[in-house]
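The following exercises concern the fold, the dimensions and the side-chain contacts of one protein chain. Each task is followed by a worked solution.

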Amino acid sequence: MAKISISLTDAHAQMIEQVVQSGDYGSTSEVIREALREWKARRILGTLWDEGISSGLSDPTDTIDNIKAEARKSLDKG
């Protein structure tokens, strides 16, 4: 496991200390690891959101059943 050193504001350090002291986390490292996982998930979600927006408007006549059927056809081909 890699070790790095980071600088935090006093407010951030205090927040981390509080959640560790509350027992919600076992260590400051656990808090930071979870924060990084959530940051990564938000970035992925943001990328997917942007791709969806840039793909344009959907066909307003499409139904969810049609969309599912098309997806199943694609899976069957693969």
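This is a predicted model: local features need pLDDT of at least 70, side-chain atom pairs count only at pLDDT 80 or more; totals for chains, interfaces and linings use all residues.

Helices (H or I, at least four residues) and strands (E, at least two) are DSSP runs, numbered from the N terminus. Residues are numbered from 1 along each chain as its sequence is written, and side-chain values use heavy atoms, without hydrogens and water.

**Exercise 1.** Determine the order of the elements and the confidence assigned to them.

*Solution.* The protein chain holds three helices and zero strands. From the N terminus, the order is α-α-α. Mean pLDDT is highest in helix α1 (residues 10–21), at 98, and lowest in helix α3 (residues 64–77), at 89.

**Exercise 2.** Compare the radius of gyration with that of a compact globule.

*Solution.* The radius is taken over C-alpha atoms, and the globule rule is 2.2 Å times the number of residues to the power 0.38. For 78 residues the rule gives a value near 12 Å, whereas the protein chain has 21 Å. Its C-alpha trace spans about 55 × 25 × 25 Å along the principal axes.

**Exercise 3.** Locate the salt bridge (a side-chain nitrogen of Lys or Arg within 4 Å of a carboxyl oxygen of Asp or Glu).

*Solution.* The whole structure contains one salt bridge. It joins the side chains of E70 and K73, at 3.6 Å from N to O. Both residues lie in helix α3, three residues apart, about one turn of the helix.

Definitions and conventions: pLDDT is the predictor's confidence in each residue, from 0 to 100.
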